[in-house]
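Hi,

Here is the structure I said I would pass on. Have a look at it first, and then read on for what turned up.

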Amino acid sequence: MEFSTILERRRAINFFDPSKDVPQPLLEQIIQDASLTPSSYNLQPWNLIALRELDDKMRLRKVAMNQPKVSEAPVVLIVLADTGGWDKDHPTVERNFEEMLKAGSIKPERRDWFYGACAKLYGKSAESQLAFGLKNAAFFAMSLMYAAANLGLDTHPMDGFDHDGVMREFNIPERYRIPLLMAVGYFNEEEKKPAPKWRKSPADILVRFD
């Protein structure tokens with residue numbers, strides 16, 4: 001699919017067809033495609049909890065403003081931002097360094113420099129750690145939506161939920177934050193698809209303050 005078509009096709013869908021499943025291989029293909037998302041130092045500080053069982057989705061729905069799409073969509077993703085994904089003791093950080101060694105893009109003696117740079121850039125304060133996790137997970141979430149659209153699926157990103165309630169309900173460790181939930185499935189053709197929305201023009205977007 002042409003990228004411009006993907007951009008046009010992606011909509012935030014409120015009505016999902018509960019009779020049309022998203023097979024696990026298809027979901028994994030979406031995640032695999034989105035895994036190519038760029039991230040700070042390639043640290044990839046994101047994870048997903050995928051809910052399929054109705055009981056699990058109803059648990060989420062009760063802390064997500066009782067939105068019907070949470071239980072109607074065949075899959076709902078809890079997008080997780082790992083605010084500790086910069087730390088040298090994190091397994092992804094170590095794996096990332098080892099993969100760079102294999103690729104020849106960094107030398108072994110640069111290990112301490114790499115860990116120090118990550119800590120200086122992203123770990124210097126609670127605010128910087130939060131920003132690190134959220135901005136990278138947001139990049140990943142957008143890629144998930146485009147990857148889904150490319151494969152003919154529909155999505156809806158949601159921020160209407162009780163963050164602490166979701167954390168408690170699914171026993172999510174404190175180092176994570178949840179930038180959004182995402183319903184994934186197929187549009188219910190018995191409903192009316194939303195019309196394209198107004199978008200700011202380049203002239204509206206480009207600004208200067210000096």
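How far apart are the mean positions of the positive and negative charges of the protein? They sit 4 Å apart, taking 28 positive and 30 negative charges. Do keep in mind that this is a predicted model.

First, the overall picture. The protein has 9 helices and 4 strands, and from the N terminus they come in the order α-α-β-α-α-β-α-α-α-β-α-β-α. The C-alpha trace spans about 60 × 45 × 35 Å along its principal axes. Of the 210 residues, 41% are buried. The accessible surface is about 12,200 Å², with 53% of that belonging to carbon and sulfur atoms. If you take the contacts between residues at least 6 apart in sequence, 76% of them join residues at least 24 apart.

Now to the inside. The largest nonpolar core has 22 residues. Leu60, Ile78, Val166, Phe170, Ile172, Ile178 and Leu181 have the most contacts inside it. E2, H8 and E4 each supply at least two residues of this core, and E4 gives the most, with 4 residues. Apart from this core there is another one, of 21 residues, including Ile30, Ala34, Phe140 and Ala141.

Beyond its neighbours within four places in sequence, Ile78 is in contact with Asn47, Leu48, Ile49 and Leu51, among others. Its list of partners also includes Leu60, Val166, Phe170, Ile172, Ile178, Leu180 and Leu181.

Leu60 brings us to helix H3, residues 54-61, where Lys57, Leu60 and Arg61 are buried. Seen down the axis of H3, these buried residues fall within an arc of 100 degrees, so they line one face of the helix. And what covers them? The cover includes strands E1 (46-51), E2 (75-82) and E4 (176-185), along with helices H4 (68-72) and H8 (163-169).

One last stop is Asp21, in the loop between helix H1 (3-9) and helix H2 (24-34). Asp21 is partly exposed, with a relative accessible area of 48%. Leaving out residues up to four places away in sequence, Asp21 touches Arg52, Pro74 and Tyr186. Asp21 and Met1 are 20 residues apart in sequence, and their C-alpha atoms are 22 Å apart in space.

Over to you now.

Cheers

Note on methods:
Residues numbered from 1 in each chain as written. Predicted model: local features only at pLDDT ≥ 70, side-chain atom pairs only at ≥ 80, totals over all residues. Heavy atoms only, no water. Buried < 20%, exposed > 50% of the residue type's maximum accessible area, 1.4 Å probe, protein only. Contact = heavy atoms within 4.5 Å. Areas by Shrake-Rupley, 256 points an atom, 1.4 Å probe, with all protein chains shown as cover. Lys, Arg positive; Asp, Glu negative; His and termini not counted. Charge placed at Lys NZ, Arg CZ, Asp CG, Glu CD. Arc of directions from axis to C-beta. Core = buried A, V, L, I, M, F, W, Y, C linked by side-chain atoms within 4.5 Å.
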